[in-house]
Amino acid sequence: MRPETSGRTVQEPATPVPAAATRDRPLDLPPPYTLVALRESGDAFAHACRIAGEAGAGTFVWVGRFDLLEFAVVLEPEEPLETARRAVYAGMTALADAVAAYSQPEKPLDFGWPDALRFDGALLGGGRLGWPDGAPEDAAPDWLVFAAMLIAAKPRAGEPGLTPASTSLEDEGFFESARGVVESFSRHLMTAFDLLDERGFDPIAARYLARLPKQRAADQRRIDEHGDLLIANAGRLDSPERLSLREALLTPSWLDPATELPRF
């Protein structure tokens, strides 16, 4: 599932990126990635899904804009779709690790299952996973796309107190590190897939669950082979609650369908 292409930068000829949008230089990504940069009006997730079949593993789509960090990476899994969706957990742990590398350590950084990222209790953004339409569950899909969107700034939201349910890199004091977060994500994702290759899915699940708050202190959680979250407690040890990963990924919890932006 890891990126396998040689590293290079591709500038979409129909949508050149102004110097101001890219902040004067392309992203610094390690060799397995191929960078595709889009204008501010681009949609990283949709574009990555559109080109994934031809572009191949390691294609890294980035939208250069001021208010959001928006990027997506193409993966080529070697396992059936029904289990390959667990790649979203590797993507989310990489995203959290990238943000944690630049944020204040005293503030908690955690998940809202399965795809939301919260900073000090407020929504910062999230991840999403795409796969080909009609792909059978019992065969390896031609591609997967993991995409992420983080709120970099909220220029139209007014004072931070007006939108307490969400926060931004600017509100939290590390807006200038936004580019570094994206570059750090690319490296943390490689590390996550190295861990997956060497030790299997369990360490990825453990790292994800460590950032997932419990609803009840006595809850016992695990992620099964399909990526579903199983929650057991003293009253339901034999029949744990099951949350379907496939169903949850169809509608990202953090994304406002009206604006296609994180919920403010």
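**Core, helix packing and backbone features of the predicted model**

In this predicted model, the largest nonpolar core comprises 60 residues, and those with the most contacts inside it are Phe-60, Phe-71, Tyr-89, Leu-117, Phe-185 and Tyr-208. A nonpolar core is here a set of buried Ala, Val, Leu, Ile, Met, Phe, Trp, Tyr and Cys residues joined through side-chain atoms within 4.5 Å, where buried means under 20% relative accessible area, exposed over 50%, and partly exposed in between (1.4 Å probe, protein chains only). The largest share of this core, 10 residues, is supplied by helix H4 (residues 87-100); helices (H or I, at least four residues) and strands (E, at least two) are DSSP runs, numbered from the N terminus. In soluble globular proteins, nonpolar side chains tend to be buried together. Phe-185 touches Phe-60, Phe-71, Gly-91, Ala-94, Leu-95, Ala-98 and Phe-146, when residues up to four places away in sequence are not counted, a contact being heavy atoms within 4.5 Å.

Residues are numbered from 1 along each chain as its sequence is written. Because the model is predicted, local features need pLDDT of at least 70 and side-chain atom pairs count only at pLDDT 80 or more, whereas totals for chains, interfaces and linings use all residues, and side-chain values use heavy atoms, with hydrogens and water left out.

For the protein chain as a whole, the secondary structure comes to seven helices and 13 strands, and buried residues make up 54% of its 264 residues. Of the contacts in the chain with a separation of 6 or more, 65% are accounted for by residues 24 or more positions apart.

Helix H4 is mostly covered, with 13 of its 14 residues buried. The end C-alpha atoms of H4 are 20 Å apart, which agrees with the 20 Å that its 14 residues should span at 1.5 Å a residue, the expected span of a helix being 1.5 Å times one less than its number of residues. Helix H5 (residues 178-199), with 22 residues, reaches 31 Å from its first C-alpha to its last, close to the 32 Å expected at 1.5 Å a residue. Just after H5, Gly-200 takes a positive phi of about 85°.

Two packed helices are described by the angle between their axes and the distance between the axes. H4 and helix H6 (residues 202-210) pack at an angle of about 50°, with their axes 9 Å apart; axes are lines fitted to C-alpha atoms, for helices over the stretch in contact, and angles run from 0 to 180 degrees between N-to-C directions. H4 and H6 are therefore oblique to each other, given that angles under 35 degrees count as roughly parallel, over 145 as roughly antiparallel, 65 to 115 as roughly perpendicular and the rest as oblique. The contact between them is made by Tyr-89, Ala-90, Met-92, Thr-93 and Asp-97 of H4 and by Ile-204, Arg-207 and Tyr-208 of H6. Asp-97 counts as buried, at 15% relative accessibility, and, leaving aside neighbours within four places in sequence, Asp-97 is in contact with His-188, Arg-207 and Arg-211.

The axes of H5 and H6 come within 8 Å and cross at roughly 135°, which makes H5 oblique to H6. This contact is made by Ala-192, Leu-195, Leu-196 and Arg-199 of H5 and by Pro-203, Ile-204 and Arg-207 of H6.

Several loop residues were also examined. Asp-43 lies in the loop between strand E2 (34-38) and helix H2 (44-55) and, at 33% relative accessibility, counts as partly exposed. Not counting residues up to four places away in sequence, Asp-43 touches Leu-38, Val-63 and Glu-70, while the C-alpha atoms of Asp-43 and Trp-62, 19 residues apart along the chain, are separated by 8.7 Å.

Most residues other than glycine have a negative phi, and most peptide bonds are trans. A cis peptide bond, with omega about -10°, joins Trp-113 and Pro-114, and Pro-114 is found in the loop between strand E5 (109-112) and strand E6 (116-119). Asp-120, a residue other than glycine, has a positive phi near 55°; Asp-120 is placed in the loop between E6 and strand E7 (122-130) and is partly exposed, with a relative accessible area of 42%. Glu-260 likewise has a positive phi, of about 60°, although it is not a glycine, and is found in the loop between strand E12 (255-256) and strand E13 (261-262), where, at 39% relative accessibility, Glu-260 counts as partly exposed.
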